[in-house]
Amino acid sequence: MMEETTENAGKISSHKNVAASGHNHHNRYKYLSNYGAGRRFLFFASCFGFYALVAATYAWFVFPPHIGRTDHVSSSSLGCREDNEGSWSIGVFYGDSPFSLKPIETINVWRNESRAWPVANPVITCASFTNAGLPSNFVADPFLYVQGDTLYLFFETKSPITMQGDIGVAKSIDKGATWEPLGIALDEAWHLSFPFVFNYNGEIYMMPESNEIGQLNIYRAVNFPLSWKLEKVVLKKPLVDSTLIHHEGIYWLFGSDHSSFGAKKNGQLEIWYSSSPLGTWKPHKKNPIYNGNRSVGARNGGRAFLYDGNLYRVGQDCGENYGKRIRVFKIEVLSKEEYREVEVPFSFEASHKGKNSWNGVRQHHFDVKQLSSGEFIGLVDGDRVTSGDLFHRVILGYASLAAAISVVILLGFLLGVVNCIVPSTWCMNYYAGKRTDALLNLETAGLFSEKLRRIGSRLNRVPPFLRGFVKPNSSMGKFTLGVIVLVGLLLTCVGVRYIYGGSGAIEPYPFKGHLSQFTLATMTYDARLWNLKMYVKRYSRCPSVKEIVVIWNKGPPPELTELDSAVPVRIRVQKQNSLNNRFEIDPLIKTRAVLELDDDIMMPCDDIEKGFRVWREHPERLVGFYPRFVDKTMTYSAEKFARSHKGYNMILTGAAFMDVRFAFDMYQSDKAKLGREFVDEQFNCEDILLNFLYANASGSGKAVEYVRPSLVTIDTSKFSGVAISGNTNQHYRKRSKCLQRFSDLYGSLADRRWEFGGRKDGWDL
């Protein structure tokens, strides 16, 4: 009895020891698990924090604050948001025939009210409507209606609130150069577009696309142009982009039905005919007229037009992407039994600026009318991005960020911070510690759970394998880890670029509803040809640059074929090597604004566009990017001196906008003769002289305006060794002499000081 009791006591003691041992092991496992979890948290938090910091710095450094919007409307506005359908806007063209139309900027139309010298396309944008209190993401499908000398333009406007198309209307009383937004002409519960407007029996009708509800409606104007009433449902078919032609007493309806069996989207065209635009409509015998390749121009691209006794249909080429280009077809036979058309040559003056041009990627709608003057006016919509561009960028952006996260996990494997891909409790039959209910359920789940555990176990062999393959403590291992970190940073920046960076297009800044253009001028010579080539290639793609004038001071000039330019380039060879040539009167310059920009300065086009926008607000001033402050000592100093005095009174003309008439006439006047002679004597200071002349002419008013350039601006002269101001000390001594001399001639600048940050736009901080 005693032996049995002792034996039982021993067993009990043994069980207790085992239990205690298991309990201690469990506590140790729990401690190690918590320690490992803490390490992993710190590792991932530090990695993701570092990557986030780099991404934020990259976005702040590279992308202007308006990115993600178009036309730079107020940030509080609902309109002009990026839209997956595109960023369509509308431009105006003029010519002697529908086949010789040129954009408005080529005919040099000026508007003083908006300081548009000249007016430039597009003339109607999402900003036009948004700033009038009618939020819009884009405007497209223009149709013109003429009443005497007044033009009405109907078009689709994409609402950012309902994300559907409405029909907007604008009015012009100056032949289409200026448009006043009137409001929304038609707003239904469904998407509307392609507002074909026409006359019939003394009434004005509109036939917009409403394929979303599967029918074609015609509306009658009750109070033109803003009030319309549904007149009739003329066809129970979901037609897109339908247009009417009145030919030989019969009305012909052209449209595309993409819902019919076997119809090729954007490659199908059908015709119906009737004695009245209100129906009843009968199908053409040859329907479908087209049903195939999207590039043939089957889908209508605007109103058909009559010219020189011939009838023409407008189609859109959707081959590469939706609405790629406009095609025009001459209708040779149109009867109830036959239809035949042939394509004719048709194109607008092409832009070579790509996305930086409002119509550089797509044009898909065209409407032309003859005015009472006999001149033809054409309205065209254009886009700078392809359809679906926003969606594609977002997908690529998040895929890049996901890849960056994978890189962080890979680093965790290699550094031993992450030891498994699948948690061990999901994939092992036994482990130290207490089984969980979840694990017990998995163990009894049968064959499927067993396969999952095997897969998990195999995946968890990857981290040890990678650590064996790449040894972090070795030189090669450290190099590999560094490369992996850089790849992660690159993927992060690529992701931010796609998600936050917009389409990559540089857009101009409108002023009072108008865009305009300027002439870019630079002075150089043969030793700086490589600078000039980079300069022309870069700045000719800026949206508002109309022409580049190269003032050639010395040596044989280059051939124009050596320069890769998206705009015309004119080389003006000078007889004498003088810095005064920069401001020589040039009657061939067709714009009011000139940007004098040294050939060794490389700054983003967006900075240039900001400067132009500020100059249009203050055309009487010298507007530039490099401020200086001159005090009573008349000692020339760098920008740092102006910053320390919290103000400036001079702008260097190595990067400055000016009024070509005002500035050049003043510089070449008799009053400036002594100053010009001193510039030739010193071979320096032409920019300082112009500042004194501006200050002298402005009286007590402000003569200069500063625009801060971005941090990515580069002075390439530092790499070439051919800068005029290579010796800084000598250069500054010369310029101090100029300050003293010009003060004697034209009065001091020391009593003037304009503070940084004085404008609401924040561009002068």
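The legends below describe close-up views of a predicted model.

**Figure 1. The protein chain as a whole, in a predicted model.**
The protein chain contains 15 helices and 36 strands. Of its 765 residues, 51% count as buried. The accessible surface of the protein chain amounts to about 35400 Å², and carbon and sulfur atoms account for 55% of this surface. Among contacts between residues at least 6 apart in sequence, 65% join residues that are at least 24 apart. Three disulfides are present in the structure, and they are the subject of the next views.

**Figure 2. The disulfide between Cys80 and Cys126.**
The sulfur atoms of Cys80 and Cys126 are 2.1 Å apart. Cys80 sits in the loop between helix 1 (2–62) and strand 1 (89–95), while Cys126 belongs to helix 2 (residues 126–130). The two cysteines are 46 residues apart, and the pair links distant parts of the chain. The disulfide is right-handed because the torsion about its S-S bond is about 115°. Cys80 has a relative accessible area of 0% and is buried. Cys126, at 2% relative accessibility, also counts as buried; the cut-off for buried is under 20%.

**Figure 3. The disulfide between Cys542 and Cys605.**
Here the sulfur atoms lie 2.0 Å apart. Cys542 is found in the loop between helix 8 (529–539) and strand 25 (545–552), and Cys605 is in helix 9 (residues 605–617). The bond therefore ties together parts of the chain that are 63 residues apart in sequence. A torsion of about -75° about the S-S bond makes this disulfide left-handed. Cys542 and Cys605 are both buried.

**Figure 4. The disulfide between Cys685 and Cys738.**
Cys685 is joined to Cys738 with an S to S distance of 2.0 Å. Cys685 lies in the loop between helix 12 (673–682) and helix 13 (686–698), and its partner Cys738 lies in helix 15 (residues 728–746). Parts of the chain 53 residues apart in sequence are thus tied together by this pair. With a torsion of about 85° about the S-S bond, the disulfide is right-handed. Cys685 is buried, its relative accessible area being 0%. Cys738 likewise counts as buried, at 0% relative accessibility. When the bonded cysteines of the protein chain are numbered in sequence order, the pairing across the structure reads 1-2, 3-4, 5-6.

**Figure 5. Helix 7 and its buried residues.**
Helix 7 (residues 475–500) has 26 residues. At 1.5 Å a residue the helix should span 38 Å, and its end C-alpha atoms are 37 Å apart, which agrees. The buried residues of helix 7 are Gly477, Leu481, Ile484, Gly488, Leu489, Thr492, Cys493, Gly495 and Val496. In an α-helix there are 3.6 residues a turn, so residues three or four places apart point the same way. Cys493 has a relative accessible area of 15% and is buried, since buried means under 20%. After helix 7 comes Gly502, whose phi is positive, near 70°.

**Figure 6. Spans with a transmembrane annotation.**
An unreviewed UniProt entry gives the annotation "transmembrane region" to residues 41–63, 395–422 and 479–500. In the model, residues 41–63 are 96% helix and 0% strand, and the end C-alpha atoms of this span lie 32 Å apart. Residues 479–500 are 100% helix and 0% strand, with end C-alpha atoms 31 Å apart.

**Figure 7. The largest nonpolar core and the contacts of Tyr694.**
The largest nonpolar core has 46 residues. Those that touch the most other members are Met658, Phe664, Ile688, Leu690, Tyr694 and Phe742. Helix 13 supplies the largest share of this core, seven residues. Apart from neighbours within four places in sequence, Tyr694 is in contact with Glu620, Arg621, Leu622, Met658, Asp659, Phe662, Ala663, Met666 and Ala703. Another core, of 34 residues, lies apart from the largest one, and its members include Val545, Val550, Ile608 and Phe612.

Note on methods: Residues are numbered from 1 along each chain as its sequence is written. This is a predicted model: local features need pLDDT of at least 70, side-chain atom pairs count only at pLDDT 80 or more; totals for chains, interfaces and linings use all residues. Side-chain values use heavy atoms; hydrogens and water are left out. A disulfide is a pair of cysteine sulfur atoms within 2.5 Å. Helices (H or I, at least four residues) and strands (E, at least two) are DSSP runs, numbered from the N terminus. Buried means under 20% relative accessible area, exposed over 50%, partly exposed in between (1.4 Å probe, protein chains only). The expected span of a helix is 1.5 Å times one less than its number of residues. A nonpolar core is a set of buried Ala, Val, Leu, Ile, Met, Phe, Trp, Tyr and Cys residues joined through side-chain atoms within 4.5 Å. Contact means heavy atoms within 4.5 Å. Accessible areas come from the Shrake-Rupley method with a 1.4 Å probe; for residues, only the protein chains shown count as cover. UniProt positions are given in the numbering used here, feature names are shortened, and annotations may be inferred rather than shown by experiment.
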